Amino acid sequence: GMTSETLDDYEEGTWTPVVRDGSQGGTVIATNTIHATYTKVGRLVSWKMSLQKNSSSSSSLFIHVTGLPHTAIAGDSTGGTFWCDNSGSGTDHIGVLFTAPSSSFFLFKPTSDADGYLRQSNWQQNRWIYAQGQYFTS
C-alpha cells in the first residue's frame, strides 16, 4: 500500500576541494576556492565548485579532487559536468562525467580525451575550473 514519508534529512553548506597531483595521496596543487557548496537531500549530495589554479606546476599526472562533504558509496560513480579554462593554449576542456573509483576522490573526464582524465598540464596557472556533480552517500 501507500506509505507516507517525510523529508527530514536536508543539509546545505560549503566544502573545501583539495586538488592533488597523481593520486588521492599526491602532492596538493595550490588553488583559490571561490565557491564550493553542496546540498544534501536524503542520500543524494549535489555539489558545485569554482577553482582557480594558483600554481605554475604542470606535470602530466591526472588531477584528483578530494574533500567532498560526504563519503560517496564505494565503487559507485557520479555524474556531472565541468569546464576547464585553458584558453592560453587554445584548448578548453569540457567533460560530461566524473568518475568515483573510490569513496574519497574523483577525476575529471574530458570529452576530448578518449584515453585518460584531466591532467595538471591541461590546467594553467590562474585559470579556472567550474564543476558540478551529484553522488549518493550511504
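Which residues make a nonpolar surface patch of about 270 Å²? Trp-83, Ile-94 and Tyr-130 do, and Ile-94 sits in strand 8 (residues 93–99). Patches here are built from residues with over 30% relative accessible area and no salt bridge, with like charges joined within 9 Å and nonpolar side chains (Val, Leu, Ile, Met, Phe, Trp, Tyr) within 5 Å. Areas come from the Shrake-Rupley method with a 1.4 Å probe, and for residues only the protein chains shown count as cover.

1. **What you are looking at.** This is a predicted model, in which local features need pLDDT of at least 70 and side-chain atom pairs count only at pLDDT 80 or more, while totals for chains, interfaces and linings use all residues. Residues are numbered from 1 along each chain as its sequence is written, and side-chain values use heavy atoms, with hydrogens and water left out.

2. **Overall make-up.** The protein chain has 10 strands and zero helices. Both are DSSP runs numbered from the N terminus: helices are H or I with at least four residues, strands are E with at least two. Of its 138 residues, 36% are buried, meaning under 20% relative accessible area; exposed is over 50%, and partly exposed lies in between (1.4 Å probe, protein chains only). The chain exposes about 7,300 Å², and carbon and sulfur atoms supply 49% of that. Among contacts (heavy atoms within 4.5 Å) with a separation of 6 or more, 66% are between residues 24 or more positions apart.

3. **Strand 5 and its neighbours.** Strand 5 (44–53) is largely enclosed by the rest of the structure, because seven of its 10 residues are buried. Strand 5 pairs with strand 4 in the antiparallel sense over 10 bridges; two strands count as paired if DSSP finds at least two bridges between them. Thr-33 stands opposite Leu-51 in that strand 5. The hairpin of strands 4 and 5 has two residues between the strands, and Gly-42 takes a positive phi near 65° there. Strand 5 also pairs with strand 10, antiparallel again, over nine bridges, and Ser-50 has Tyr-130 in strand 10 as its bridge partner.

4. **Strand 6.** Strand 6 covers residues 63–66, and its side chains are buried whichever way they point: Ile-63 and Val-65 go one way, His-64 and Thr-66 the other. Four bridges join strand 6 to strand 2 (residues 18–21), running antiparallel, with Val-18 opposite Thr-66. Strand 6 also pairs with strand 9 (residues 106–110) over two bridges in the antiparallel sense, where Val-65 stands opposite Phe-106.

5. **The core.** The largest nonpolar core holds 21 residues, and Trp-47, Met-49, Ile-63, Val-65, Phe-108 and Ile-129 touch the most other members. Strands 4, 5, 6, 7, 9 and 10 each give two or more residues to this core, and strand 5 gives the most, with four. A nonpolar core is a set of buried Ala, Val, Leu, Ile, Met, Phe, Trp, Tyr and Cys residues joined through side-chain atoms within 4.5 Å. In soluble globular proteins, nonpolar side chains tend to be buried together. Leaving out residues up to four places away in sequence, Ile-129 touches Met-49, Ser-50, Leu-51, Trp-83, Cys-84, Phe-108, Leu-118 and Trp-123.

6. **Salt bridges.** There are two, each a side-chain nitrogen of Lys or Arg within 4 Å of a carboxyl oxygen of Asp or Glu. Lys-40 pairs with Asp-9, the closest N and O atoms being 2.9 Å apart. That pair links Lys-40 in strand 4 with Asp-9 in the segment before strand 1 (10–14), 31 residues apart. Lys-40 counts as buried at 8% relative accessibility, whereas Asp-9 is partly exposed at 29%. In the other, Asp-85 meets Arg-127, with closest N and O atoms 3.4 Å apart. Here the link runs from the loop between strands 7 and 8 to the loop between strands 9 and 10, 42 residues apart. Asp-85 is buried at 13%, and Arg-127 is partly exposed at 24%.

7. **A backbone angle to look at.** Asn-126 has a phi near 70°, a positive value in a residue other than glycine. Most residues other than glycine have a negative phi. Asn-126 lies in the loop between strand 9 and strand 10 and is partly exposed, at 46% relative accessibility.
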